[in-house]
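Work through the two exercises below with the sequence and the structure at hand, and try each task before reading its solution.

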Amino acid sequence: MQHLARYREQVERHYRRQPPVAELAAPLGITPTQLNRLCRRHLHCSALAVLHQRVLLEAKRELGYTNLMVRQIADGLGFADPAYFTRFFLKHTGRAPTEWREHGGGR
């Protein structure tokens, strides 16, 4: 469980860059495979999904509480292309970022 707590700290520090799971696992002294195993066993999702959930949370916060344009949010969250951010957001929420914002988020 200590590895998971440390992994979450790593995610919190670096989610805006969206580094590879291997880069986040290295300081923990475990392999990406071991990290995935721990995440699946205790969190019921992959290590990458943990990172994506954090990115998505921040995207929702920024869409809901700022006037930043979608492309600015995408850039700030490490997406090289705003269209890729839109696809990522749509895949995880069922709505495009602008639609999510216009309808008051998750309400």
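This is a predicted model: local features need pLDDT of at least 70, side-chain atom pairs count only at pLDDT 80 or more; totals for chains, interfaces and linings use all residues.

Residues are numbered from 1 along each chain as its sequence is written, and side-chain values use heavy atoms, with hydrogens and water left out.

**Exercise 1.** Locate Arg-16 and describe its surroundings.

Step 1: Arg-16 sits in the loop between α1 (2-14) and α2 (21-25), where helices are DSSP runs of H or I with at least four residues, numbered from the N terminus.

Step 2: Leaving aside residues up to four places away in sequence, Arg-16 touches Glu-58, Glu-62, Gly-76, Leu-77 and Gly-78, a contact being heavy atoms within 4.5 Å.

Step 3: The side chains of Arg-16 and Glu-62 are joined by a polar contact of 2.8 Å (a pair of N or O atoms within 3.5 Å, of which, within protein, one must be able to donate a hydrogen and the other to accept it; residues adjacent in sequence count only if both atoms are side-chain atoms).

**Exercise 2.** Find the buried residues of α6 and what they pack against.

Step 1: Phe-85, Phe-88 and Phe-89 are the buried residues of α6, buried meaning under 20% relative accessible area with a 1.4 Å probe, protein chains only.

Step 2: They lie on the same side of α6, because they cover an arc of only 95° around the axis, taken from the directions from the helix axis to the C-beta atoms.

Step 3: The buried residues of α6 pack against α4 (47-65), α5 (70-76) and α7 (97-102).

Methods: Helices (H or I, at least four residues) and strands (E, at least two) are DSSP runs, numbered from the N terminus. Buried means under 20% relative accessible area, exposed over 50%, partly exposed in between (1.4 Å probe, protein chains only).
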